[in-house]
Amino acid sequence: GYEVVVHACHVENEGLVDDVVRFVNRANLDGVLVLPPVSDIEELADKLDDMGTRFVRFSSRLGDKPWKQVVTDYMPAIMDMTGYLVGLGHRDFGFITGPPSHVSSQKRHEVFEQALESHGLSLSPSFTAEGAFTYESGLKAAKKLLSLKKRPTAIFAANDEMAFGVMNVADAMGIRIPEDLSLVGFDGTPFSTFVIPALSTMIRQTDQMATLGTKKLLALVNEGQDAAREFETMVSPRFLPRESTGPAPKS
């Protein structure tokens, strides 16, 4: 019995918080679902709280009001991925980050470092390249990492789109995937099965997250805070190995 109203936000806009506040006041909404990266803006969450607006935000970091959040728990999937590649003999790992200002990018980086440390490994700064969650930034990052005299044998790109850029550059340089380089993305986009070789990736449980967030919001709207507390907060992606990962090349 509810209708969905979509409001496009431009995270680079300096007046974003005031724009969202005006929209919420004008639209007389029952509740709001806030998506990343806008959901990571604490000032916006504080203002919505001050207004008495019922909202649930999707985020990568657990806050002090979990009944208002659906949080991606990166640890299980990234640990599975790292352990899988270590088991295939990989010891030299590259990483392509997302935008440093995005909490999701920060968390993927942080958890990957922890996963490597659990195997007695570390992420070399020279094997780390900054991306922007875009195909073009994946191309640029791949050129940096794959042009090194000693290059990583496995690369984790913080999203699938950047991983596709790595595939393009590797092909142009005559680097075979997975024989010479193993590659893993993140998001589980449909295109990850269209490319050759099919991309190993971490499947984000978007249906589960959307359902959980909506149920939490409806509980807040209709029954209050205590009802929303009854729902889970953390949702874990799932690592899915495909043809883009294989044994580490012999030196």
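The model is predicted, with local features requiring pLDDT of at least 70 and side-chain atom pairs counted only at pLDDT 80 or more, while totals for chains, interfaces and linings use all residues. Residues are numbered from 1 along each chain as its sequence is written, and side-chain values use heavy atoms, with hydrogens and water left out.

The protein chain contains eight helices and ten strands; helices (H or I, at least four residues) and strands (E, at least two) are DSSP runs numbered from the N terminus. Its radius of gyration is 20 Å, close to the 18 Å given by the globule rule for 251 residues, so the chain is as compact as a globular protein of that length. The radius is taken over C-alpha atoms, and the rule is 2.2 Å times the number of residues to the power 0.38. The C-alpha trace spans about 60 × 35 × 30 Å along its principal axes.

Of the 251 residues, 48% are buried (under 20% relative accessible area, 1.4 Å probe, protein chains only). Among contacts (heavy atoms within 4.5 Å) between residues at least 6 apart in sequence, 69% join residues at least 24 apart. The side chains include 25 positive and 33 negative ones, and the centres of the two sets lie 5 Å apart. Lys and Arg count as positive and Asp and Glu as negative, without His and the chain ends; charges are placed at NZ of Lys, CZ of Arg, CG of Asp or CD of Glu.

Strand S2 (residues 55-59) has five of its five residues buried, so it is largely enclosed by the rest of the structure. In a regular strand, side chains alternate between the two faces of the sheet. In S2, Phe-55, Arg-57 and Ser-59 point one way, and Val-56 and Phe-58 the other. S2 runs parallel to strand S1 (residues 32-34), to which three bridges join it; two strands pair if DSSP finds at least two bridges between them. Within this pair, Val-34 stands opposite Arg-57.

Strand S6 (residues 154-157) has Ala-154 and Phe-156 on one side and Ile-155 and Ala-157 on the other, all of them buried. Four bridges link S6 in parallel to strand S4 (residues 93-97), where Phe-95 stands opposite Phe-156. S6 is also joined by three bridges to strand S7 (residues 182-184), again in parallel, and Ala-154 stands opposite Ser-182 of S7.

How values were computed. Buried means under 20% relative accessible area, exposed over 50%, partly exposed in between (1.4 Å probe, protein chains only).
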